[in-house]
Amino acid sequence: MADVARAAGVSPSTVSRAMDERHPFSRSTTAARVKEVARRIGYTPNPSAASLRRQSTRTIGVVVPRLTDTVIAMLYEEIAAACRDHGLHALVATTHYEPEDEATQARLLLDRMVDGLILTTSRLDTESTVLRELATREVPYVLALRTDGRGPAATGDDRLGGYLAARHLIDLGHRRIAVIAGPPYASNALGRQQGYRSALEEAGLAVDERLVRPSGFSMESGERVATELLSALPAAERPTAVMTVNDNTAVGVLAAARKLGIGVPGELSLVGYNDTPLAARLPVPLTSVRVPLRELGRGAVDILLRAIEGKPVDSLVYAPTLIPRESSTPVA
């Protein structure tokens with residue numbers, strides 16, 4: 001602000017009034033000149049970490065893909081509860097899985113003067129313009145559920161979870177095990193697939209790449225990919241078990257199997273991931289890998305608060321637990 005004031009030949013208070021769109025002065029000729037100078041030298045009125053520490057709004061921004069996803073909704077509730085415990089307010093924005101919307105929503109939250117951001121939208125396939133901008137502006141942030149491998153994060157041990165799911169099926173005698181693997185840009189999906197591969201390698205089983213199918217995170221994607229998988233192979237080469245990257249895609253597998261006349265678990269065992277409340281209440285209760293979302297959400301808030309206070313931060317990784325149910329049985 002001082003740089004803009006010097007370049008425009010006005011006082012810092014004039015710059016402040018010019019950049020504040022709520023102030024009538026912001027629509028004056030002088031304000032237009034100040035804004036042009038600010039644009040030219042790259043100044044924006046969005047707060048940096050230093051200014052946030054001087055005048056906190058006690059508000060945390062949370063960027064999520066969508067709140068209709070059960071896991072995301074549950075995680076946000078835990079983040080909001082942790083914020084309340086610290087006397088903070090959580091403000092959420094959704095991106096609908098669009099990287100461009102991530103940048104837009106993050107900036108809108110910053111315009112609301114949030115003290116920091118929690119992002120559940122990290123991708124491995126592109127460099128995040130949001131994270132680059134946050135680092136440049138020294139805005140505190142933490143990644144949750146997914147990570148880019150660089151920034152501070154609170155995540156589940158996805159590789160361990162994928163290993164537990166695949167190991168469970170191997171111990172039941174299954175040898176042709178498919179994985180509905182999720183999108184390759186998501187670190188949690190990639191980690192779960194790596195755990196699957198590790199378990200098969202440990203058991204001396206070769207990975208049949210025809211049984212590794214990328215997907216989205218939705219029930220619709222799970223049904224479509226499972227239909228393709230189960231229809232493409234002769235009966236003798238079909239998998240006897242499928243593990244998925246979340247419970248949504250597992251529900252999609254159940255729908256596909258029903259349409260194809262394949263019994264679960266009689267002809268096909270199935271393991272989901274996240275252990276959402278739906279899993280135990282399906283007509284065939286779903287074996288799933290439970291992620292401690294309460295601890296993960298609160299851990300993300302704790303990391304962010306340390307970053308806001310200027311303290312060193314470390315990432316946190318939470319161990320998952322396999323919950324066996326009726327959807328997985330010994331191979332016939």
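Reader: Let's start with Ala186: buried or exposed?

Author: This is a predicted model, so to speak in ground rules: local features need pLDDT of at least 70, side-chain atom pairs count only at pLDDT 80 or more, and totals for chains, interfaces and linings use all residues. Residues are numbered from 1 along each chain as its sequence is written, and side-chain values use heavy atoms, with hydrogens and water left out. Buried means under 20% relative accessible area, exposed means over 50%, and partly exposed is in between (1.4 Å probe, protein chains only). Ala186 has a relative accessibility of 0%, so the label is buried.

Reader: And which residues does Ala186 touch, not counting those up to four places away in sequence?

Author: Ala186 sits in the loop between strand 6 (177–182) and helix 9 (187–202); helices (H or I, at least four residues) and strands (E, at least two) are DSSP runs numbered from the N terminus. Asp148 is 38 residues apart from Ala186 in sequence, with 8.7 Å from C-alpha to C-alpha. With contact taken as heavy atoms within 4.5 Å, Ala186 touches Leu124, Arg146 and Phe217.

Reader: Which side chain has a polar contact of 2.9 Å with that of Asp158?

Author: Asp158 lies in helix 8 (residues 158–171), and at 8% relative accessibility it counts as buried. Beyond four places in sequence, the contacts of Asp158 include Leu145, Asn188 and Tyr273. A polar contact is a pair of N or O atoms within 3.5 Å; within protein, one must be able to donate a hydrogen and the other to accept it, and residues adjacent in sequence count only if both atoms are side-chain atoms. At 2.9 Å, the partner side chain is that of Arg192.

Reader: How many residues are in the largest nonpolar core?

Author: In soluble globular proteins, nonpolar side chains tend to be buried together. Here a nonpolar core means a set of buried Ala, Val, Leu, Ile, Met, Phe, Trp, Tyr and Cys residues joined through side-chain atoms within 4.5 Å. Ile118, Tyr196, Met243 and Leu296 have the most contacts inside the largest one, and its residue count is 46. A second, separate core, with Ala226, Leu229, Leu254 and Val264 among its members, has 22 residues, while the largest has 46.

Reader: What is the omega of the cis peptide bond that joins Val264 and Pro265?

Author: Pro265 is found in the loop between helix 11 (247–260) and strand 9 (269–274). The bond from Val264 to Pro265 is cis, with omega at about 10°.

Reader: Asp275 isn't a glycine, so what is its phi near?

Author: Asp275 belongs to the loop between strand 9 and strand 10 (287–290). With 10% relative accessibility, Asp275 counts as buried. The phi of Asp275 is positive, near 50°.

Reader: How far apart are the C-alpha atoms of Leu270 and Met19?

Author: Leu270 lies in strand 9 and counts as buried at 0% relative accessibility. Leu270 and Met19 are 251 residues apart along the chain, and their C-alpha separation is 57 Å.
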